Amino acid sequence: MEARARRKVFFKDKVFEVVRKIPKGETKTYKEVASLAGFGGAARAVGAVLRTNYDLAIPCHRVIKSDGTLGGYNRGPNAKRALLEKENGL
DNA sequence: CATTTGACGCCAA
DNA sequence: TTTGGCGCCAAAT
């Protein structure tokens, strides 16, 4: 298929889609998102995409590391933690 | 077009 | 338990 430019947006598109599907109050790991996106071991790539494509329509702050740590956030880990606690009802 | 970096993950010491 | 290093993938420069 015309997977030329298609594939280029395949990864990003999937990541955005998956992250956007994350319900409020729930947090997912980059590994999980990558896996659901179909790229399993592309945890880094997931963060790279979210980093460059930070969109307010995408709850990228709900995506954390598999260790349970928040990881990072384009707006600052501070805002990320605040949002997570708030969405979790804390 | 090729190289480097990067919001990660997991194993070893 | 904590710190360090290596590996994986895609994007950005």
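In total, 16 residues surround DNA strand B, and the closest are Tyr30, Arg44, Leu50, Arg51 and Lys65; a residue is near the strand if one of its heavy atoms lies within 4 Å of it. This is a predicted model, where local features need pLDDT of at least 70 and side-chain atom pairs count only at pLDDT 80 or more, while totals for chains, interfaces and linings use all residues. Residues are numbered from 1 along each chain, chains are lettered from A in the order written, and side-chain values use heavy atoms, without hydrogens and water.

**Exercise 1.** Find which helix gives the most to the surface near DNA strand B.

*Solution.* Start with H2 and H3, which each supply at least two residues. Then pick H3, which gives the most, with six residues.

**Exercise 2.** Work out how the rings of Phe11 and Phe39 are arranged.

*Solution.* First, note that the structure holds two aromatic pairs (ring centres within 6.5 Å; planes under 30 degrees apart are stacked, over 60 edge-to-face, the rest tilted). The centres of Phe11 and Phe39 are 4.8 Å apart and their planes are at 85°, so this pair is edge-to-face.

Note on methods:
Rings of Phe, Tyr and Trp (its six-membered ring) pair if their centres lie within 6.5 Å; planes under 30 degrees apart count as stacked, over 60 as edge-to-face and the rest as tilted. Helices (H or I, at least four residues) and strands (E, at least two) are DSSP runs, numbered from the N terminus.
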